[in-house]
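The sequence and the coordinates are shown first.

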Amino acid sequence: MRQRHALVTVSAGIAGIAGFVTAAPAQAAEYSSALKIKAIQYDAPGRDSNKCSGGNTKDEYLVIKNYSRTATVNLKGYVVKDATGNRFAFTANHQLQPGDFVKLRGGRGTDSDAGNVVYRQNCNFIWNNDKDTIYFSKPSGARADVHSYTRSANDRDGNGYITYHG
């Protein structure tokens, strides 16, 4: 997602001193983190059913990738939220090696480092099927990444899956 920067010139009195202020885009923080949102399956295939037994919330997931070439990052303390404040906090240690990823799935299941999966242990859907915003925050509270989507603008093939960082 490209952001535009605004450049503002301020002149100070007779001396003509000029200062420059750059307005930072709302999503600039995403580029300072090794961990970023790689993709989202915001609309689980099939008819939505949030039943814990036989439902398809496990088919709705967020892919988080470690884009660092050298650093292993622990997901413990990171938080994922949507626009309305539904949230998930990684409370257990989950190490992401450089280039590795994890799928944060809905529903109930057993987390697995080997299987690159963490379950929300909640059978309710978190992402809206028409539009939403994904906030991904570091343990410090600083933003690691953020993306907004709409079905019509970002999901041209209508399969409920959007890729962000390559």
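## Pairing of β3 with β4

In this predicted model, β3 and β4 run antiparallel and are joined by 6 bridges. Within this pairing, Ile37 stands opposite Ile64 in β4.

## Pairing of β3 with β13

Strand β3 also pairs with β13, which comprises residues 161-163. These two strands are antiparallel as well, with 3 bridges between them. Here Gln41 stands opposite Tyr161 of β13.

## Burial of β3

The strand that takes part in both pairings is mostly covered: of the 7 residues in β3, 6 are buried. As a general point, side chains in a regular strand alternate between the two faces of the sheet.

## The disulfide

How many disulfides does the model contain? The count comes to 1. The bond is formed by Cys52 and Cys123, with a distance of 2.0 Å between their sulfur atoms. The link of Cys52 and Cys123 is right-handed, with 120° about the S-S bond.

This pair connects distant parts of the chain, its two cysteines being 71 residues apart. Cys52 lies in the loop between β3 (35-41) and β4 (61-66), while Cys123 lies in the loop between β10 (117-119) and β11 (131-137).

## Accessibility of Cys123

Is Cys123 buried or exposed? Cys123 counts as buried because its relative accessibility is 5%, and the cut-off for burial is under 20%.

Technical notes: Residues numbered from 1 in each chain as written. Predicted model: local features only at pLDDT ≥ 70, side-chain atom pairs only at ≥ 80, totals over all residues. Heavy atoms only, no water. Disulfide = S-S within 2.5 Å. Helix = DSSP H or I, 4+ residues; strand = E, 2+ residues; numbered from the N terminus. Buried < 20%, exposed > 50% of the residue type's maximum accessible area, 1.4 Å probe, protein only. Pairing = 2+ DSSP bridges.
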